[in-house]
Amino acid sequence: MSLTLHWAGLVLCFLGGLWITVLAWQRGILWGLGCLFIPVIQLIYAALNRRETKSAFFSSWPVLLCLFFCCNFRVAERWRRLQRQAAATKALSSGLGGVGGNWLIRRRFLLRLS
């Protein structure tokens, strides 16, 4: 789910940036080249021409906030999985006889967790 939201957000951000770049090309060649090759110029252009770029700006930049939360959700999900695996490894090593336990049972159990 978070991966789908992540890719959808990236596509929306790309389309909003492309929209601002097209508006900059309509204003002038130097603005268009600047927006195309120097990303900071795109922000400057959007700030200087708020009325024209309001729709494009508000369709692309808030998506970055969504992307930030999706990435944090995926990191937290991965962290919880690693903690579960560490707890399972500790429980298996102590509960199944430590080093002398059945390694195949431990391996299958850990594969089921991941």
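Contact here means heavy atoms within 4.5 Å. The model is predicted, with local features needing pLDDT of at least 70 and side-chain atom pairs counting only at pLDDT 80 or more, while totals for chains, interfaces and linings use all residues. Residues are numbered from 1 along each chain as its sequence is written, and side-chain values use heavy atoms, with hydrogens and water left out.

**View 1. Contacts of Tyr45.** Leaving out residues up to four places away in sequence, Tyr45 touches Ile20, Leu23, Ala24, Arg27, Trp31, Cys35, Glu52 and Thr53.

**View 2. The largest nonpolar core.** A nonpolar core is a set of buried Ala, Val, Leu, Ile, Met, Phe, Trp, Tyr and Cys residues joined through side-chain atoms within 4.5 Å; buried means under 20% relative accessible area, exposed over 50%, and partly exposed in between (1.4 Å probe, protein chains only). Ile20, Leu23, Ala24, Cys35, Tyr45, Ala46 and Ala56 make up the largest such core, seven residues in number. At least two of its residues come from each of α1 (2–27) and α3 (39–48). The most, three residues, is given by α1. Helices (H or I, at least four residues) and strands (E, at least two) are DSSP runs, numbered from the N terminus.

View 3. In α2 (residues 29–37), the buried residues are Gly32, Gly34 and Cys35. Seen down the helix axis, the buried residues of α2 fall within an arc of 165°, so they line one face of the helix; the arc is that of the directions from the helix axis to the C-beta atoms. Ile29, Leu30 and Phe37 are exposed on the other side of α2. Ile29 has a relative accessible area of 57%.

**View 4. A nonpolar patch on the surface.** Like charges are joined within 9 Å, and nonpolar side chains (Val, Leu, Ile, Met, Phe, Trp, Tyr) within 5 Å. Trp25, Ile29, Leu30, Leu33, Leu36, Phe37, Ile38, Val40, Ile44 and Leu48 form this patch, with about 1,100 Å² of accessible area together (Shrake-Rupley method, 1.4 Å probe; for residues, only the protein chains shown count as cover). Helix α2 supplies the largest share, five residues.

**View 5. The protein chain as a whole.** The chain has five helices and zero strands. Of its 114 residues, 24% count as buried. Its accessible surface comes to about 8,500 Å², of which 70% belongs to carbon and sulfur atoms.

Note on methods: Patch = residues over 30% accessible without salt bridge, like charges linked within 9 Å, V, L, I, M, F, W, Y side chains within 5 Å. Salt bridge = Lys/Arg side-chain N within 4 Å of Asp/Glu carboxyl O.
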